[in-house]
Amino acid sequence: MEFVTIDFEKLNNEQTSVCEVGMVKYIDQKEVDTFYTTIYPSTGIRVQKGFCEGILKRITFEKLENSPKFPKVYEEMKDFIGDAIIVCHSKGADLNYIYNCEKEFGLTGLYHNGYIDTEEVGKSIKKVGSLPDLYKALFHKQLEEHHEALHDALACGKILLSLSSQCDIKKYIHKEEYLPYDVRKAKELKGRMTNTVSSDGLLITDIHNITSKEFFASKRYARSGMSEEEKDELDKKLTPLNAQMLKSFSRNTKLDILIIADKLGPSKKETAIKMQKEGKSLTVLLFDEVMKFLQDQ
């Protein structure tokens with residue numbers, strides 16, 4: 001397996017303020033090459049007190065002023081990584097920096113064969129912690145020169161090699177693109193914020209379109225396709241909201257919400273479809289989704 005460990009250091013708390021990167025390439029568990037450079041931060045040389053004193057002891061302002069900008073370094077990094085899997089410790093740091101810098105400069109394709117997070121692998125064998133903590137747990141000695149990009153990339157490689165002797169590393173290869181937590185959640189929510197249509201034309205509303213249990217307040221609802229016990233559970237949740245339960249309904253019934261489950265009969269389904277096609281304001285929801293939604297509120 002070919003992999004490249006990677007570590008960035010930042011100048012301040014901005015995600016795009018990366019000022020150095022270190023990488024180490026391994027083929028068949030042997031170190032074969034290294035890569036290191038300082039980077040002129042896209043935020044400019046803006047020092048944040050308490051954030052970068054360690055970096056500034058090694059890297060002078062003059063050196064940063066004369067360092068290449070991220071787009072140029074990015075192309076060199078891409079050549080170095082090639083088809084390798086990239087490895088980091090805490091994807092929420094290094095991969096987050098890559099994501100934000102790519103977005104800042106309109107870049108893509110730094111790695112395409114997946115990534116491994118040694119923090120995640122460490123947790124699988126109950127070795128939890130930062131890069132220095134995991135290093136100490138595995139090798140019983142302190143990690144020297146922490147927050148020096150190339151040194152941390154080397155430490156990350158040693159950690160991965162050690163972990164690979166204790167578990168199947170391949171299980172921890174993520175093939176999907178890394179997305180920051182907030183971006184991923186927003187994307188998931190956007191993907192769910194749509195109505196779905198059943199194969200026979202019944203329009204079912206995704207529960208994620210509903211933002212509050214107050215949606216059910218004082219509404220007229222019916223439930224169908226579930227056991228009596230499940231109906232009782234649902235009614236107990238909706239009664240405090242002054243929702244009015246209708247035991248039956250027809251095309252002429254003033255009905256706001258229909259909550260359905262797997263055993264929905266064909267006649268009730270056909271009636272609901274006709275009501276929707278006639279333009280009546282009928283929201284159809286799935287029982288399981290409604291119950292989970294009301295429990296979480």
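Visitor: What volume does the second largest pocket have?
Guide: About 280 Å³. Keep in mind that this is a predicted model.

Visitor: Which residues are closest to the centre of that second largest pocket?
Guide: Ile 260, Ala 261, Asp 262, Lys 263 and Leu 286 are the closest, out of 18 residues that line it.

Visitor: And where does the largest share of its lining come from?
Guide: From helix H11, residues 287-296, which gives 3 residues to the lining of the second largest pocket.

Visitor: How many of the lining residues are nonpolar, polar or charged?
Guide: The lining of the second largest pocket splits into 8 nonpolar, 3 polar and 7 charged residues.

Visitor: OK, new topic. How many salt bridges are there?
Guide: The structure has 8 salt bridges. In general, side chains of opposite charge can pair when their charged atoms come close.

Visitor: Which residue does Asp 235 form a salt bridge with?
Guide: Its partner is Arg 223, and the closest N and O atoms of the two are 2.8 Å apart. Asp 235 belongs to helix H9 (residues 228-238) and Arg 223 to strand E8 (residues 220-224), so this pair ties together parts that are 12 residues apart in sequence.

Visitor: Are those two buried or exposed?
Guide: Asp 235 counts as buried, at 13% relative accessibility. Arg 223 counts as buried too, at 11%. The cut-off for buried is under 20%.

Visitor: What about Glu 270 and Lys 274, where do they lie?
Guide: Both are in helix H10 (residues 266-277), 4 residues apart, which is about one turn of the helix. Glu 270 is partly exposed at 43% relative accessibility, and Lys 274 is partly exposed at 33%.

Visitor: Which residues are linked in a network of salt bridges?
Guide: Arg 251, Glu 278 and Lys 280 are linked that way. Within that group, Glu 278 and Lys 280 form a salt bridge whose closest N and O atoms are 3.6 Å apart. Glu 278 counts as partly exposed, at 37% relative accessibility, and so does Lys 280, at 32%.

Visitor: Let's switch to rings. How many aromatic pairs are there?
Guide: The count comes to 10 aromatic pairs. Take Phe 3 and Tyr 26: their ring centres are 4.8 Å apart and their planes are at 15°, so the pair is stacked.

Visitor: Which strands do Phe 3 and Tyr 26 lie in?
Guide: Phe 3 is in strand E1 (residues 2-10) and Tyr 26 in strand E2 (residues 18-27), so the pair ties together parts that are 23 residues apart in sequence. Phe 3 is buried, at 2% relative accessibility, and Tyr 26 is buried as well, at 3%.

Visitor: Why is the pair of Tyr 111 and Tyr 115 edge-to-face?
Guide: Their planes are at 90°, with ring centres 6.5 Å apart, so the pair is edge-to-face. The cut-off for that class is over 60 degrees. Tyr 111 and Tyr 115 are both buried.

Visitor: Which residues do ring pairs link into a cluster?
Guide: Phe 70, Tyr 74 and Phe 105.

Visitor: Last one. Where does the charged end of Lys 25 sit?
Guide: Over the ring of Phe 80, 4.9 Å from its centre. Elsewhere, Lys 219 lies over the face of Phe 215, at 4.1 Å from the ring centre.

Terms used. Residues are numbered from 1 along each chain as its sequence is written. This is a predicted model: local features need pLDDT of at least 70, side-chain atom pairs count only at pLDDT 80 or more; totals for chains, interfaces and linings use all residues. Side-chain values use heavy atoms; hydrogens and water are left out. Rings of Phe, Tyr and Trp (its six-membered ring) pair if their centres lie within 6.5 Å; planes under 30 degrees apart count as stacked, over 60 as edge-to-face and the rest as tilted. Helices (H or I, at least four residues) and strands (E, at least two) are DSSP runs, numbered from the N terminus. Buried means under 20% relative accessible area, exposed over 50%, partly exposed in between (1.4 Å probe, protein chains only). A charge sits over a ring if NZ of Lys or CZ of Arg is within 6 Å of the ring centre and within 35 degrees of the ring normal. On a 1 Å grid over the protein atoms alone, a cavity is a set of points where a 1.4 Å probe fits but cannot get out, and a pocket is an open set with protein on both sides within 12 Å along at least five of seven lines; lining residues have an atom within 4 Å of a point. Grid points are joined across faces, edges and corners, and a volume is the space filled by probe spheres set on the points. Ala, Val, Leu, Ile, Met, Phe, Trp, Tyr, Cys and Pro count as nonpolar, Asp, Glu, Lys and Arg as charged, and the others, Gly among them, as polar. A salt bridge is a side-chain nitrogen of Lys or Arg within 4 Å of a carboxyl oxygen of Asp or Glu.
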